[in-house]
Amino acid sequence: MAITVKVMKRPEHEVSYLRATLKGLALTFSHLLRPSVTMQYPEQTATDDWTLSPRWRGTHRMLTDEQGRSKCVACGLCPQICPANCIKLVPGEDEQGNRYPLIYEIDEFRCVFCGYCQEVCPEEAIHVGVHYENAEYERGRFVYDLERLCAQTHPVSTLWDPSDPKGQ
Amino acid sequence: MTPEELKGLLLVSSIKIGVVFAVIMIGVIMIIWVERRGSALLQDRLGPNRVGPLGLLQNVADGLKNFTKEEVMPLQADPVIFVMAPMMSFVAAMLLFAVVPFAAPLPPFDVTLPLIGHVVHEGPVAMVIANLPVGFLFILAVSSIAVYGIVLAGWSSNSKYAFLGALRASAQMISYEIPLAMSLVVVLLLAGNVPLGDIIAFQQQTTWFVFAATLSWLLFHVATFAETNRMPFDLAEAEAELVAGFHTEYSSMKFAMFFIAEYTGLITMSALIATLFFGGWDIPFTTWDEQEATNWSFGTLFRVGMTNLFFIGKTFFFAWVYIWVRWTVPRFRFDQVMHLGWKILLPISLGYIVVMASAVLVLERLGMVHDWKYGMALFAVNVPLVALCVFGLDRDRLLLGARLRSQAET
């Protein structure tokens, strides 16, 4: 034999090609009778043994107060901590001296979904969401502006808490 | 031959060709569907289930997609051979079915039809496209042409992966052609003639050749896996090593031609196993299906229909075995394939010919008539032979290295 083949010494009952093949055929046939584990995705988004984790970090959502204004106070912490540099924030100030974002845009293409913006936010305004259906017809639509971020309705992520690692 | 008989022959042949071609094409679509859904079920998945009920139209959709895709030809490819290769594969695969009988014969007819006029067919209408006197020799010859399609495809692509696939295909298919033919020598010894119709008649008279020539069936079955280029011997297109093997450079309908040819080969080889070793269209334990067809009655047509159903059922069963094995057994290494072909299958088949020839000679001398006892006597010869082979095919005895090492240890 041209190729040097290392052959393991195995007990006699384990070394038959024919018996092994028949055993394999029996095994695959037993799988034929088992129920399939496929989730029919567009119709079904969760099964008995699989749902999206509540810690899933998806596209962002900006929470609003009772008047429907965003909770953001334009402190500038989120663009500061963002490792992907995907948040654009231009702060403004009204007559009472309250700061609010003039421009707040998140480029979801640049975002790495680390969730730091949610962790750092002192007002609990910006959140990453439990959401994954983000298809758009144009690239430009992936830059979410403030209005769009406020209009999102999907649930927000419960980030991992080091003091409560199991999420209880 | 009178003009009426000629017209009858032409009419019957063209109808048979049209029907068989259409049925094979639909069968290919169905068997690809079975392969995809079956493999999915074997892996606890669902498989394609969106296009049409149960995903039945998925392959039609894929075929349409292939028709509309761009044809890519490598710049350095040989244009004539590159285009010819898929055709050769396809035609060779299609031709094989011409000699396979698929039902009990229809009765003779003598009718006047509109447009065609008076047509006559003397004797029963054999349900086979071409009742060639050379029988399965034709199959051996044409199935060898199929390898040219693969080799030329790989060579003309001017791509190293395609070329390697073609080299493997040529080496592998030539070495498995020999055990394939050798295992059929035993069938020839028993039946005494090569046309498949005669082989079926002999099996109806005695027993199915799976009993009379069990080892022959095993050898033939293994060799057809290599001949149809299917797992565990699909080395010509080993995805892990050779991208896609001989059809790496093929796209759109040219690729689909190879695909259809592969599955046509699968159906034909299943039909051949059914015909050669499992009685073809014979219905077991009955004799009413073997009577001469004399008149056009409901009984005759029912008989033809039932035998055809049995033939399709057997063919489908072996096609399923091919699929089942494909999704069970992993691919062999190339030296293992060659080892199995030349050092195991070939000596076994040669030895088997000698043993069976002696057995047939002894039975002839004893003056045994060709009935079921004849088949059972041969089966009694086969059982120890099969047991011996199964015992001898242990891995330890198979691989040279293990033997040498155990000898060194003792």
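Visitor: Where does Q118(A) sit?
Guide: Q118(A) is in helix α3 of chain A, residues 116-120. Helices (H or I, at least four residues) and strands (E, at least two) are DSSP runs, numbered from the N terminus.

Visitor: Before going on, what sort of model is it, and how is the numbering done?
Guide: This is a predicted model, in which local features need pLDDT of at least 70, side-chain atom pairs count only at pLDDT 80 or more, and totals for chains, interfaces and linings use all residues. Residues are numbered from 1 along each chain as its sequence is written, chains are lettered from A and ligands numbered from 1 in the order in which they are written, and side-chain values use heavy atoms, with hydrogens and water left out.

Visitor: Back to Q118(A): buried or exposed?
Guide: Buried, with a relative accessible area of 13%. Buried means under 20% relative accessible area, exposed over 50%, partly exposed in between (1.4 Å probe, protein chains only).

Visitor: What is Q118(A) in contact with?
Guide: Leaving aside neighbours within four places in sequence, Q118(A) is in contact with I126(A), H127(A), V128(A), S157(A) and L159(A). Contact means heavy atoms within 4.5 Å.

Visitor: Now the sheet in chain A. What is the strand order?
Guide: The order is β2-β3-β5, an open sheet of 3 strands with antiparallel pairing. Two strands pair if DSSP finds at least two bridges between them.

Visitor: Which strands stand at the edges?
Guide: β2 (87-93) and β5 (143-144) of chain A; each has a single partner strand, so one side of each is left without a neighbour in the sheet.

Visitor: How many bridges for each pair?
Guide: β2(A) and β3(A), residues 99-107, pair over 7 bridges, and β3(A) and β5(A) over 2. On the β5(A) side, D107(A) is partnered by V143(A).

Visitor: What about the hairpin of β2(A) and β3(A)?
Guide: That hairpin has 5 residues between the strands, and G97(A) takes a positive phi near 85° there.

Visitor: And G92(A), buried or exposed?
Guide: G92(A), in strand β2 of chain A, is buried, at 12% relative accessible area. Beyond four places in sequence, G92(A) is in contact with N98(A), R99(A), Y100(A) and L102(A).

Visitor: Switching to chain B. How do α1(B) and α10(B) cross?
Guide: The axes of α1(B), residues 3-42, and α10(B) come within 9 Å and cross at roughly 95°. Axes are lines fitted to C-alpha atoms, for helices over the stretch in contact, and angles run from 0 to 180 degrees between N-to-C directions. The two helices α1(B) and α10(B) are therefore roughly perpendicular (65 to 115 degrees; under 35 is roughly parallel, over 145 roughly antiparallel, the rest oblique).

Visitor: Which residues make the contact?
Guide: Among them are I24(B), M25(B) and V28(B) of α1(B), and F259(B), I260(B) and Y263(B) of α10(B).

Visitor: How big is the largest nonpolar core?
Guide: The largest nonpolar core has 98 residues, and F136(B), L196(B) and F277(B) are among those with the most contacts inside it. Helix α10(B), residues 252-277, gives the most to this core, with 13 residues. A nonpolar core is a set of buried Ala, Val, Leu, Ile, Met, Phe, Trp, Tyr and Cys residues joined through side-chain atoms within 4.5 Å.
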